[in-house]
Amino acid sequence: MNIAVCVKQIPDPAAPWSLDPSTHNLVREGKLILDDSDAYGVEMALQLVDKAGAGEVTLVSMAPRNETSGLRTGLAMGAAKAILVTDDQLAGSDALSTAKVLAAAIATTEFDLVIAATESTDGYTGTTPVQIAELLGLPSVSFAKKVEIDGSVVKVDRQTEAGYDEVICPLPALVTVTAGVVEPRYPSFKGIMSAKSKPVVTLSLADLGLVGAAGGAVAGQEIVSVQKAEARQAGVIVEDDGTGAQQLVEYLEQLKFV
Amino acid sequence: MESSGADKCADWASPERVELRRTVRGFTERYVLPNLDEWEKDGEVPRNVHRVAGKLGLLAAGFPENVGGVGDMIDNLVITDELISAGASSGFAAALLTHHIALPHIVASGDEYLIERYVLPSISGEMIGCLGVTEPTGGSDVAGLATKAEDHGDHWLINGSKTYITSGARADFIVVAASTDGAGHAGVSLIVVDTSSAGFSVTRRLEKMGWACSDTAEITLVDVEVPKANLVGERGTGFYQIMRNFDGERLGLAVHGYALASRGLELAVEWARTRRSSGAPLTSLQTIRHKLAEMARQTEVARVFTQKVATDFAAGRVGSKEVAMAKNTSVYACDYVVDQALQIHGGLGYMKGSEVERIYRDARILGIGGGTNEIMNEIIAKRMALV
Ligand SMILES: Cc1cc2nc3c(=O)[nH]c(=O)nc-3n(C[C@H](O)[C@H](O)[C@H](O)COP(=O)(O)OP(=O)(O)OC[C@H]3O[C@@H](n4cnc5c(N)ncnc54)[C@H](O)[C@@H]3O)c2cc1C
């Protein structure tokens with residue numbers, strides 16, 4: 001069982017964020033860290049490989065400036081190796097370009113399953129993983145809250161608004177996992193030290209054959225303007241002078257809830 | 001964002017150490033903080049916590065690879081720093097990391113039997129060990145021990161008592177300093193004693209001003225028979241083994257000092273920003289602001305100096321004098337900072353249950369344990385050729 005896990009390296013959410021005033025893109029100058037939502041995917045993959053008794057976990061990431069600190073975290077957790085795509089032309093990539101790059105990078109390694117988070121903490125589009133699946137010609141199952149491998153299929157409990165669907169899907173496939181699918185481990189000190197010597201393959205767009213119009217993987221989007229979200233309005237306060245229940249019902253009626 | 005334990009010496013902020021800090025902080029937040037109040041009441045840290053820490057490799061830092069160790073001495077200090085900066089408390093760090101004072105003599109001896117039996121299981125978190133030097137009659141005078149180990153051919157017969165022994169109530173074994181060959185330095189040997197041995201007993205669990213979650217024991221040994229194989233290193237070299245390892249313990253306590261100060265400072269800043277007086281936060285008052293500035297300065301000086309001395313010590317560039325200076329610098333900074341942190345909290349600072357109150361009590365031991373402030377000054381004075 002070989003599993004490729006897409007991991008994003010993002011600016012530390014605990015640190016203040018800023019947007020570049022001219023491109024409106026997120027400033028990614030400082031150290032990047034492993035997106036927390038990807039820690040679930042890494043953990044899930046490690047557990048599945050462990051259960052299978054053979055195979056390895058490969059991390060796949062696209063990041064500026066040869067950034068590997070987030071990858072090191074995943075390697076310290078137990079992944080065997082990492083593939084990093086880094087290229088100046090990729091600054092400001094949209095979800096589709098990112099998917100093209102990641103799909104091409106994943107195709108350079110052997111895999112039975114691709115795991116990704118449902119969405120990243122800094123981008124929130126939630127569209128990259130399914131685009132990767134489409135580009136690789138794989139079936140995809142999103143919002144997994146439980147993942148099991150059973151021979152040549154993957155069995156997924158897929159979170160829905162009402163409950164969950166039980167999905168059986170042939171391998172190879174792509175699965176996106178929700179936070180809470182498993183509890184990510186903290187990297188052990190030994191894991192951290194051994195991550196130093198694990199291989200990280202760095203590829204450029206040219207290495208992936210994605211240069212020029214044919215590849216079309218370079219940033220294809222332009223952010224024209226950014227507006228501050230409107231501040232939330234204060235809610236309605238119902239003071240209970242004995243008619244509280246009645247007031248509540250009237251309010252809900254007004255909103256057509258009852 | 002700069003974490004409160006952020007390092008100022010490049011060595012201390014390598015990518016691996018940043019990652020290690022993240023693991024330590026995660027461990028603290030998940031396993032320690034939710035339970036700390038309970039352990040403070042119980043007077044001890046449960047064994048299972050050692051196993052969890054062992055699995056994460058947090059007990060292995062600084063020991064050589066052949067005994068299950070990984071990384072170096074600075075890594076271990078980084079762990080201590082982050083535990084305390086993240087709020088796990090100085091007492092918890094003392095209890096969890098007692099093996100760092102119990103094991104080094106055995107490791108240095110290279111004795112395979114003792115390493116297999118005591119070192120490996122302590123580093124994996126299965127066993128708890130402690131070090132017994134101090135006696136009811138005095139701790140500073142290590143050469144004047146009253147505990148005796150008599151040579152009975154195939155075994156030692158040990159009689160005596162030890163006090164203020166960290167983790168002594170939970171320990172599976174104790175490395176005892178005993179006199180094997182008469183009075184004075186040359187008569188002291190180190191011997192490992194299983195706490196399950198007949199004649200060994202914990203006579204009292206000592207109640208302390210601080211470090212409440214760290215159990216501290218008074219111990220007696222009455223005709224305890226110990227196999228000859230349990231002698232650590234050469235007979236009669238105990239005093240030198242203890243002295244050699246004191247430096248490591250003292251650097252650890254220097255880290256406790258600045259880390260605890262940095263936690264106190266963080267709490268004080270938070271409080272001064274939110275607590276209001278005459279309609280404005282305390283930080284709007286110059287006397288409070290300047291207090292915080294001075295606390296920050298002293299904490300920073302202690303941190304930078306301690307980290308530099310530790311880095312130089314690890315590289316063999318400095319010795320006991322600089323270590324003693326680091327310990328006192330850090331302890332004095334910590335004393336000042338925790339006192340002022342409590343002051344800034346006003347009445348709340350004096351209330352049981354507030355973290356700053358605990359920190360204030362915890363800090364007081366740092367100038368006593370591992371050699372007192374006065375003993376540090378003696379070490380410095382001697383190396384200045386003043387005596
Ligand atoms: C919470 C706690 C945990 C401890 N854990 C351990 C442990 O795990 N193992 C262990 O073996 N010990 C442990 N100790 C003991 C500690 O190391 C001693 O308390 C310390 O060395 C001081 O010894 P003492 O208490 O006997 O004081 P004394 O030696 O009696 O000192 C009393 C005072 O006289 C001063 N003084 C003494 N001699 C000199 C001198 N030559 N020059 C100048 N001033 C001097 C001291 O500085 C001090 O102010 C612990 C102590 C505490 C409080």
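This is a predicted model: local features need pLDDT of at least 70, side-chain atom pairs count only at pLDDT 80 or more; totals for chains, interfaces and linings use all residues.
Residues are numbered from 1 along each chain as its sequence is written, chains are lettered from A in the order in which they are written, and side-chain values use heavy atoms, leaving out hydrogens and water.

Let's start where the two chains meet. Chain B brings 18 residues to the contact and chain A brings 16 (contact means heavy atoms within 4.5 Å). About 1,500 Å² is buried between them, with 65% of that coming from carbon and sulfur atoms; buried area is the accessible area (1.4 Å probe) that two parts lose on being put together, summed over both. You'll find one salt bridge across this interface, where a salt bridge is a side-chain nitrogen of Lys or Arg within 4 Å of a carboxyl oxygen of Asp or Glu. The partners are A:Glu183 and B:Arg30, at 2.9 Å from N to O.

Now look inside chain B, which is split into domain 1 (5-124), domain 2 (129-236) and domain 3 (240-383); such bounds come from an automatic or database domain assignment. The centres of domains 1 and 2 of chain B, taken over C-alpha atoms, lie 24 Å apart. Here 28 residues of domain 1 touch 23 residues of domain 2, burying about 2,100 Å², 58% of it from carbon and sulfur atoms. Three salt bridges cross this domain interface. B:Asp172 and B:Arg47 also pair up in a salt bridge, at 3.0 Å from N to O.
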